[in-house]
Amino acid sequence: MSTAEPQAGKLTAAERAGIAALVAREPMPRAACINALRQVQAKRRYISDAILAEIAVLLGMSTAELDEVATFYNLIFRRPVGEQVILLCNSVSCWMLGQPTLAAHLRARLNIKPGETTADGRYTLLPIVCLGHCDHAPAMLLGSTLHGDLDPAKLDALLCLEPA
Amino acid sequence: MELPLTRNIRAGQAPLDLTGYQRAGGYETLRASLGKAAPAELVATVTASGLAGCGGGGFATGRKWQAMPDRAERPGPRYFIVNADEMEPGTFKDRLLLEGDPHQLLEGLILAAYAVQADHGIIFIRAEYTAAAKLLSQAVAEAEAAGLLGINILGSGFDLHIDVHASAGRYICGEETALLNALEGKRAIPRAKPPLPQTSGLFGHPTVINNVETICNIPHIIGRGADWYRSLGLDGQAGTKIFGVSGRVKYPGAYELPLGTPMRELIEEHAGGMRPGYGLRALLPGGASTGFMLDSELDIPMSFAAFAAAGHRLGTGTAIVLDDRTCPVAFIGNLQQFFAQESCGWCAPCRDGLPWVEQTLAAIEAGTGTGDDLDLLLEMTGHLGPGRTFCALAPGAMASLKSGLDYFGQDFERHIHDGGCAWH
């Protein structure tokens, strides 16, 4: 898969220091694990097997224990994702007000279904539960920015305008 | 009419910073309370106010606080957690408060922590609320720099440190004991109660967990008193609440209204009624975990007590309107798909039952359902109902299914008889 940058199998010194700082703030090391996964993912986009194993050692957890946590939370990505993740809300208010049309539009325009990444590695489409923007349904989170009152034209504009 | 919760919130404008918030009277209650009023006095005021938890349960906030052990009996750390994991489908009230007035929440949290003598405050916020998390972190930094947080706040001898903890997804984290497991770096599965979090909460220490909106009420209740707060409500209810409407109404949005306001006023006046060409078929009054209400029931005052008396649940108070051009079977199917996906998998009825319900509804919607499927669905509302599962997720899921089978039975039967959906 060409979508993810090649991941060095080693955490950098800065990443290790970042995790150590998170651990120092908690009464027990494993309490820092979700923050540690988020922090590493923010730079690497996803958590590879090799990186997960290294983080586990720093937290005094077995690899399986950390993976058990990592795979529970849907916004910890254990597989490569594109440069930007499109989180399209499929909860009831958005579903009523046009989410199926938007999903079909994205499929046509980007040639991806939920869970897939575009061939150029730019976008990954994932479903998401209610984003708390129901009065402006249908809504999505593009990267870390919330957008509402979506229709296919607005979706096109947003996807073109977003920096690569 | 006084609207304390949203008084500083202006649509489309950035929230007040520390200077602006203080100019509007903010942190005056904090200054008048810390080290000046006994913590027990604050607990007594909140108890007398009748404040009910706004996360969906409506449990008396004062009673929750009273369950904290005495500091002398239980020395050591104690936690006050704000649950900002708003993820109930159709609910968008806490985001308004988080983004609209972060210092109001902080002042409430500091007062609440002082009342129960907690020295650690945590705001547990869902990962997707990135804008709110940033605003909260800025507000915490401002408050720290001004000596409103930290060691010996305002010379009162009270210490409090606040962390903004961003989550990593999953609806179940909003369940308060699952939230504790998430903060401990575990899978977010609910814990058995008892012990209550007040006895054995985060890392085994005494802990209170309250919803965002609940805590935003605290500065106003402490500052102006229980009698004032009680006077805000209608129909014998105390205070105001943020109600909301989504679906095909003219003005979907969030509205702060007195508790006890009839649901019809929210839908017809504030939300402007239905869009032209659409009729109201039914609504879920407070998120996906509440049961359907028909138009004939909309005169019930919006309060936890009045809804309970009528066999309903107010939930989060944010209504989702089902219009007459949307298939009710598919609507319920969407809700059940959500619950099946978000089951944490800990207890068998929920883990196995919800996907079964989801698949059965999908079959009916696709036209391959049978008459037996309706019996099965009805049976499942019992198997997954209150008392049969570890937490309230599955019983919440069954609320719309049970009332939906009751109210839309003919629609279900027509799908089965016709072998398909007339709406699609």
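Angles between axes under 35 degrees count as roughly parallel, over 145 as roughly antiparallel, 65 to 115 as roughly perpendicular and the rest as oblique. The model is predicted, and local features need pLDDT of at least 70, side-chain atom pairs count only at pLDDT 80 or more, while totals for chains, interfaces and linings use all residues. Residues are numbered from 1 along each chain as its sequence is written, and chains are lettered from A and ligands numbered from 1 in the order in which they are written.

**Stop one: two helices of chain B**

Select residues 93-100 of chain B, helix H5, and residues 212-224 of chain B, helix H9. Helices are DSSP runs of H or I with at least four residues, strands are runs of E with at least two, and both are numbered from the N terminus. The axes, lines fitted to C-alpha atoms over the stretch in contact, with angles from 0 to 180 degrees between N-to-C directions, come within 9 Å and cross at roughly 45 degrees. H5(B) and H9(B) are therefore oblique to each other. Next, display B:Lys93, B:Asp94, B:Leu97 and B:Leu98 of H5(B) with B:Val212, B:Glu213 and B:Cys216 of H9(B), which make the contact (C-beta atoms, placed from the backbone, within 7 Å).

**Stop two: where the chains meet**

Chain B gives 39 residues to the contact and chain A gives 32 residues. On the side of chain B that touches chain A, H13(B) supplies the largest share, five residues.

**Stop three: A:Ala104**

Finally, select A:Ala104 in helix H6 (residues 99-110) of chain A. A:Ala104 lies 9.5 Å from A:Pro152, C-alpha to C-alpha, although 48 residues separate them in sequence.

Key: Contact = placed C-beta atoms within 7 Å.
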